[in-house]
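I opened my notebook beside the structure viewer today. Here is what I looked up, entry by entry.

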Amino acid sequence: MSSENDTLSEGQYHRGGADDLRSPCPILNSLANHGYIARDGRNITGSQLKAALEHIGLGFDTAGGLVKIAFQDHVDPPEGTPRTTANFGLRDAGQVNEDGDPVLNLDQLGRPHAIEHDVSVTRQDRALGDYIHLNPDLYQQLLASSSNGTSFSISDIGNLRKKRFEQSKRDNPELDLDKRMHYIACAEVGGIVGVFGKGLYHVPKEYIEAIFGEERLPFDEGWRPRWTKLYLPEAGAVTLAISHYAWPF
């Protein structure tokens with residue numbers, strides 16, 4: 001961790017540097033950039049990650065479920081077989097901090113044969129290039145996908161996911177996205193819609209620009225964490241609504 005990181009207060013935004021680890025997920029990167037989890041992206045405990053996710057509006061069940069899966073030891077699926085939830089763990093066996101607590105590094109979210117998947121809205125597929133960092137062309141495509149030019153609805157996000165599938169199907173002969181991973185991908189963007197959406201789940205464009213473009217929570221744009229948390233029933237309903245528009249199979 002840089003000495004500059006040591007002087008920052010929790011909640012203060014400072015984008016990670018070259019020595020800091022980051023993930024394919026802009027929300028987790030934003031949490032690190034604000035200091036709600038380790039700013040260098042290393043040795044994050046489950047309790048720290050769960051508290052950070054609850055801080056921005058996830059319910060205890062949603063946050064706890066995500067952390068429980070992520071903090072399992074990673075096991076590759078047998079060759080030639082599809083991955084299951086048993087393979088979604090991200091930690092190496094025995095990966096703990098000096099106190100013996102299980103920990104995770106942000107870059108481990110991108111490990112193969114786990115929860116990371118092709119057909120991201122802003123990252124390249126693994127076989128096509130950089131699947132960790134923001135792709136400028138895909139980011140511009142995301143910004144252009146708003147049907148009214150000012151916010152992003154469930155249908156906007158779902159239609160974009162379907163478009164991204166068609167692009168990957170065309171360009172990536174090693175495309176890896178089955179129905180299970182499709183629902184996971186819809187749940188990821190569904191979490192953003194649920195946490196940052198206004199009214200009937202419309203996410204303002206300036207929020208999207210902050211989250212994806214700067215990996216920053218949009219406090220400056222007026223966002224505040226929701227009073228009622230995003231619990232699993234609501235998160236599931238939003239996921240299914242996005243999947244309705246995104247379904248490519």
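**Entry on glutamate 215**

Is glutamate 215 buried or exposed? I looked it up in this model, which is predicted. Glutamate 215 has a relative accessibility of 7%, so it counts as buried, because buried means under 20%. I found glutamate 215 in the loop between helix H8 (205-213) and H9. Then I listed what glutamate 215 touches, leaving out residues up to four places away in sequence. The list has Tyr13, Arg15, Pro26, Asn29, Ser30, Asn33, Arg123 and Ala210.

**Entry on the record**

I checked the UniProt entry, which is unreviewed, and its annotation "domain: Heme haloperoxidase family profile" covers residues 9-237. In the model, that span is 38% helix and 3% strand.

**Entry on helix H6**

Next I asked which residues of H6 are buried. They are Ile154, Asp156, Ile157, Gly158, Leu160, Arg161, Arg164, Phe165, Gln167 and Ser168. The buried residues of H6 pack against helix H5 (136-143), S3, helix H7 (179-196) and helix H9 (232-246).

**Entry on serine 151**

I went on to strand S3 (residues 151-152), where serine 151 lies. Serine 151 has a relative accessible area of 11%, so it is buried. Its side chain makes a polar contact of 3.5 Å with the side chain of histidine 202. Leaving aside neighbours within four places in sequence, I noted contacts of serine 151 with Ser146, Asp156, His202, Val203, Pro204 and Lys205.

**Entry on salt bridges**

How many salt bridges are there? The count comes to 13, and I wrote down a few.

- Aspartate 171 and arginine 170 meet through their side chains at 2.8 Å, N to O. Aspartate 171 is partly exposed at 39%, whereas arginine 170 is exposed at 61%.
- Glutamate 221 pairs with arginine 216, with the closest N and O atoms 2.8 Å apart. Glutamate 221 is partly exposed at 28%, while arginine 216 is buried at 7%.
- Glutamate 234 pairs with arginine 226, and here the closest N and O atoms are 2.7 Å apart. Glutamate 234 is partly exposed at 23%, and arginine 226 is buried at 17%.

I also noted that salt bridges with shared partners join Glu214, Arg216, Asp220 and Glu221 into one network.

**Entry on positive phi**

Most residues other than glycine have a negative phi, and I went looking for exceptions. Histidine 113 has a positive phi, near 65 degrees. I located histidine 113 in the loop between strand S2 (103-104) and H5, and it is partly exposed with a relative accessible area of 45%.

Where is tyrosine 201 found? It is in the loop between H7 and strand S4 (203-204). Tyrosine 201 is not a glycine, yet its phi is positive at about 60 degrees. At 23% relative accessibility, tyrosine 201 counts as partly exposed.

Methods. Residues numbered from 1 in each chain as written. Predicted model: local features only at pLDDT ≥ 70, side-chain atom pairs only at ≥ 80, totals over all residues. Heavy atoms only, no water. Helix = DSSP H or I, 4+ residues; strand = E, 2+ residues; numbered from the N terminus. Buried < 20%, exposed > 50% of the residue type's maximum accessible area, 1.4 Å probe, protein only. Polar contact = N/O pair within 3.5 Å; in protein donor to acceptor, adjacent residues only side chain to side chain. Contact = heavy atoms within 4.5 Å. UniProt positions renumbered as here; feature names shortened; annotations may be inferred. Salt bridge = Lys/Arg side-chain N within 4 Å of Asp/Glu carboxyl O.
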